[in-house]
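Me: Please take a close look at a single part of this structure. I would like one connected walk through it, in short sentences.

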2 protein chains.
Amino acid sequence: MMANEEFQQIQDIGFKSLIARFKDHTGVARNEVRKGIGDDASVLKLKEGRVACTSSEIFLEGIHFDLTYTPFTHLGYKVVTAAVSDILAMNAEPVQLLVDIAIPNKYSVQMIEQLYQGIDAAAKDYNIQVTGGDTTASHQLLAISVTATGSAEENKIIYRNGSKIGDIICVTGELGSAIAGLRILLREKRSWQDNPEQQFQPDLQAYEHVLQRQLLPKARFDLYKALQESEVKPNSMIDLTQGLVADLSDVLKQSGLGAEIYSPAVPISFETRNVADEMNEDVDKYAFYGGEDFEMLFTLPEPLVEKFKAEFDDFIVIGRITEREKQLTVNTGEEHNYQIDLSE
Amino acid sequence: MMANEEFQQIQDIGFKSLIARFKDHTGVARNEVRKGIGDDASVLKLKEGRVACTSSEIFLEGIHFDLTYTPFTHLGYKVVTAAVSDILAMNAEPVQLLVDIAIPNKYSVQMIEQLYQGIDAAAKDYNIQVTGGDTTASHQLLAISVTATGSAEENKIIYRNGSKIGDIICVTGELGSAIAGLRILLREKRSWQDNPEQQFQPDLQAYEHVLQRQLLPKARFDLYKALQESEVKPNSMIDLTQGLVADLSDVLKQSGLGAEIYSPAVPISFETRNVADEMNEDVDKYAFYGGEDFEMLFTLPEPLVEKFKAEFDDFIVIGRITEREKQLTVNTGEEHNYQIDLSE
């Protein structure tokens with residue numbers, strides 16, 4: 001993959017120069033930011049009466065990403081998506097990002113520049129400013145920690161614990177495609193490892209959609225915008241990063257309630273079904289347990305569903321909030337309905 | 001070191017249980033925190049008109065800490081000190097902490113519990129709340145990222161770039177003791193590696209002060225408090241973490257000015273001098289380049305120095321801000337004065 005690319009060692013230019021080189025890769029200059037990169041801390045002044053939502057996540061090479069098949073620009077974009085998605089899931093506007101990067105010397109200045117370019121591109125797409133962070137050496141593995149801060153009126157915040165009995169459970173987009181993309185990448189990686197003399201550049205056009213969903217996912221900023229223009233406010237919301245079952249279970253536990261979902265309603269793309277068929281795997285498992293889709297799950301009182309659908313149409317109803325006793329009941333539309341125990 | 005200690009594998013209880021176990025290790029419940037751990041993001045409401053200062057740092061095993069000689073509780077305390085110190089250096093009050101931890105499976109549940117206990121203890125000492133973060137698996141090495149948020153009135157913030165010509169340069173406490181402690185620990189580690197049959201529990205009582213400064217440093221919360229009660233406001237401030245020369249140089253570069261310091265005035269403890277003597281090293285190098293002291297450097301208009309000394313006495317004058325042309329001039333009180341070039 002590195003053929004014909006310049007490879008400059010980081011120790012040749014030093015961390016100071018590396019940091020100086022990327023101080024312009026800071027996304028968008030936000031009004032709220034009084035001080036960005038360059039002091040002991042960044043300084044943020046939110047508009048009168050607003051609250052700050054902050055979320056932090058850490059990503060490790062070999063655990064959360066694999067640089068065999070992940071371009072550095074995509075990695076940079078994806079870690080920002082993950083951080084921003086958490087802020088959007090609070091119904092808050094992302095404003096600021098701090099990025100810590102620990103870099104092993106096996107990677108070049110050029111590779112790290114691509115990483116920062118991906119971060120910068122995402123920050124621009126999500127209209128946020130990179131205001132600080134820490135860049136340091138690492139042994140062996142690349143580690144990235146991203147902290148996003150968002151701004152919201154306090155009464156607009158949507159928590160996980162606000163679901164009410166009878167609420168309709170909605171999800172945006174489609175689920176399971178990120179794990180489908182991962183399945184393809186892992187298959188290609190194995191095939192490449194078995195034939196290491198060939199370059200790792202397989203023809204993956206047929207899988208473009210699912211690969212895009214795995215390598216370059218987008219946070220649902222469009223849902224956030226629609227909610228700001230709407231009078232509709234969901235009772236609870238979470239971004240789907242652990243998988244539908246894990247994330248919905250968390251909403252249910254925190255709300256002290258149960259749910260019934262109708263599995264044929266869970267949105268799954270044609271491309272995702274094709275991958276599952278090819279792999280001889282159950283596509284419902286992709287959608288239920290896959291994770292990393294960065295779609296949103298939210299719950300609405302029934303009368304508001306049609307109203308909101310007229311304002312934002314990329315969501316689908318998959319079930320309903322119930323009393324706690326139902327646990328998470330999965331109605332398959334066939335004989336084998338089952339319950340997932342929420343006490344685990 | 002692990003003799004007689006329980007060693008429970010993290011995979012035996014799972015990350016969910018691990019996280020649940022430590023959800024009470026969250027320091028102090030702060031009024032400003034509307035939502036702590038448990039949702040997509042924490043929610044913070046600052047008092048009317050205040051700004052949020054945020055700083056993030058990443059710490060990697062083998063780069064920033066060595067668990068051969070660092071107890072897990074001390075490590076937890078120290079990463080919080082580092083984050084809090086950055087907030088105090090803005091003259092802001094630390095409020096909130098997010099902690100990301102990536103844990104390799106060579107460490108036990110008990111060890112990670114000690115780490116969280118250290119974080120909790122520091123959070124209590126600094127009166128802050130742990131409001132979130134991410135706990136995940138890691139290959140091989142422990143990685144910790146800490147993000148602190150502080151609160152301040154906007155006009156109270158002290159930047160690095162505010163120095164004025166004629167300002168007096170002051171530093172708190174004493175410098176070079178953290179690196180002195182590290183020198184002792186590295187010597188003992190080598191000696192232990194040469195004789196691995198003996199346990200690594202050397203008698204280090206004679207070095208207690210410098211070891212404490214290396215392993216369990218405290219942020220200068222007392223200076224912050226004194227500044228809140230005082231009418232004195234420094235023109236610039238930075239916490240000393242990279243070493244006096246590096247940190248002062250940054251203040252000078254950002255202020256577009258130079259400085260003259262009088263090296264015999266730089267405060268160095270008796271214990272630090274002893275270590276340098278034992279190691280046949282130049283103690284001034286410890287103080288100038290050592291780093292990790294977590295003392296504060298600040299600059300004051302000359303007439304305010306005596307006034308502030310009457311209110312807070314643990315600081316010493318080491319020099320004066322000059323026009324840029326002087327660069328960083330070190331006056332040794334002997335013949336070999338020298339200049340450090342700030343354009344590098």
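Reply: Two residues are in contact if their C-beta atoms, placed from the backbone, lie within 7 Å. The model is predicted. Take the part around Leu97(A) and the side of chain A that touches chain B.

The largest nonpolar core has 204 residues. Leu97(A) is among the members that touch the most others, along with Val80(A), Ala143(A), Val80(B), Leu97(B) and Ala143(B). In soluble globular proteins, nonpolar side chains tend to be buried together.

Now the chain contact. On chain A, 49 residues are in contact with 49 residues of chain B. Several elements of chain A each supply at least two residues to that side, including α2 (72–88), β4 (93–104), β5 (129–138) and β6 (143–153). β3(A) gives the largest share, nine residues. By class, the side of chain A that touches chain B holds 20 nonpolar, 17 polar and twelve charged residues.

Three bridges join β3(A) to strand β2 (residues 42–44) of chain B. The two strands run antiparallel. Within that pairing, Thr54(A) stands opposite Ser42(B). Strands of a sheet pair through backbone hydrogen bonds, either parallel or antiparallel.

Technical notes
Residues are numbered from 1 along each chain as its sequence is written. Chains are lettered from A and ligands numbered from 1 in the order in which they are written. This is a predicted model: local features need pLDDT of at least 70, side-chain atom pairs count only at pLDDT 80 or more; totals for chains, interfaces and linings use all residues. A nonpolar core is a set of buried Ala, Val, Leu, Ile, Met, Phe, Trp, Tyr and Cys residues joined through C-beta atoms within 7 Å. A residue is buried if 20 or more other C-beta atoms lie within 10 Å of its own, exposed if 12 or fewer, and partly exposed in between; C-beta atoms are placed from the backbone. Helices (H or I, at least four residues) and strands (E, at least two) are DSSP runs, numbered from the N terminus. Ala, Val, Leu, Ile, Met, Phe, Trp, Tyr, Cys and Pro count as nonpolar, Asp, Glu, Lys and Arg as charged, and the others, Gly among them, as polar. Two strands pair if DSSP finds at least two bridges between them.
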